[in-house]
Amino acid sequence: TQSYGIASRGGLSLAEVIIDHQEIIYQQVQVPDIILTLTEEALEKFASFADEGVAIFYDTTLAKARSGENLTGYPFTQIASDLGNVGSVNILSLGAMITALPMIKAESLARVIRKRFRGKALETNLQMLQAGAALISKGVSTWEPS
């Protein structure tokens, strides 16, 4: 589901994704397993879920660094910008999340990206997916553009 509200004017937007092997009857997340926040406002709103055991990935480019169990911050927006497409920050962060917590196979996501995008956008999004995965697999805690 998606909720944009005032997001068109710079406010909070929300998207929920449910992944299951069974038929999904109720299409809103009741108890999340993982949360991605890309802004300070979103992190403030959802940070309390970390205390309940929910993994929270957040963007240290746009939100203050936090410490605590279940809180993982990376400069997602900065990395996407350094790689040339800040608009693909969501794909980059997904690459990190599915590497850290394999809820889906990376190849499955890459296959969807290949179906959805063509040309330069395809190359960019696959690069973002790989860069996000590298953050986790290489244990990168700080980003240095190459």
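Helices here are DSSP runs of H or I with at least four residues, strands are DSSP runs of E with at least two, and both are numbered from the N terminus. Counted that way, the protein has five helices and five strands. Going from the N terminus, the order is β-β-β-α-β-β-α-α-α-α.

Okay, some ground rules. This is a predicted model, where local features need pLDDT of at least 70 and side-chain atom pairs count only at pLDDT 80 or more, while totals for chains, interfaces and linings use all residues. Residues are numbered from 1 along each chain as its sequence is written, and side-chain values use heavy atoms, with hydrogens and water left out.

So, how much is buried? Of the 146 residues, 29% count as buried, meaning under 20% relative accessible area with a 1.4 Å probe, protein chains only.

Now to α3, residues 89-100. This helix has twelve residues and spans 17 Å from first C-alpha to last, close to the 16 Å expected at 1.5 Å a residue; that expected span is 1.5 Å times one less than the number of residues. Its buried residues are Val89, Ile91, Leu92, Ser93, Gly95, Ala96, Met97 and Ile98. What do they pack against? The partners are β3, β4 (55-59), α2 (76-82), α4 and α5 (119-137), with contact meaning heavy atoms within 4.5 Å.

On to the pockets. A pocket is an open set of points on a 1 Å grid over the protein atoms alone, where a 1.4 Å probe fits, with protein on both sides within 12 Å along at least five of seven lines; lining residues have an atom within 4 Å of a point. Volume is the space filled by probe spheres set on the points, which are joined across faces, edges and corners.

The largest pocket has about 1,600 Å³. Its lining takes in 40 residues, with Ala15, Glu16, Val17, Ile34 and Leu36 nearest the centre. Two or more lining residues come from each of β2 (14-15), β3 (34-37), α1 (40-46) and α3. Which element gives the most? That's α3 again, with seven residues. By class, the lining is 28 nonpolar, ten polar and two charged; Ala, Val, Leu, Ile, Met, Phe, Trp, Tyr, Cys and Pro count as nonpolar, Asp, Glu, Lys and Arg as charged, and the others, Gly among them, as polar.

The second largest pocket holds about 180 Å³. Among its lining residues are Gly87, Asn90, Leu94, Arg116 and Asn125. Here α3 and α4 (106-116) each supply at least two, but α4 gives the most, with four. Six of the lining residues are nonpolar, four polar and one charged.

Definitions and conventions. Buried < 20%, exposed > 50% of the residue type's maximum accessible area, 1.4 Å probe, protein only.
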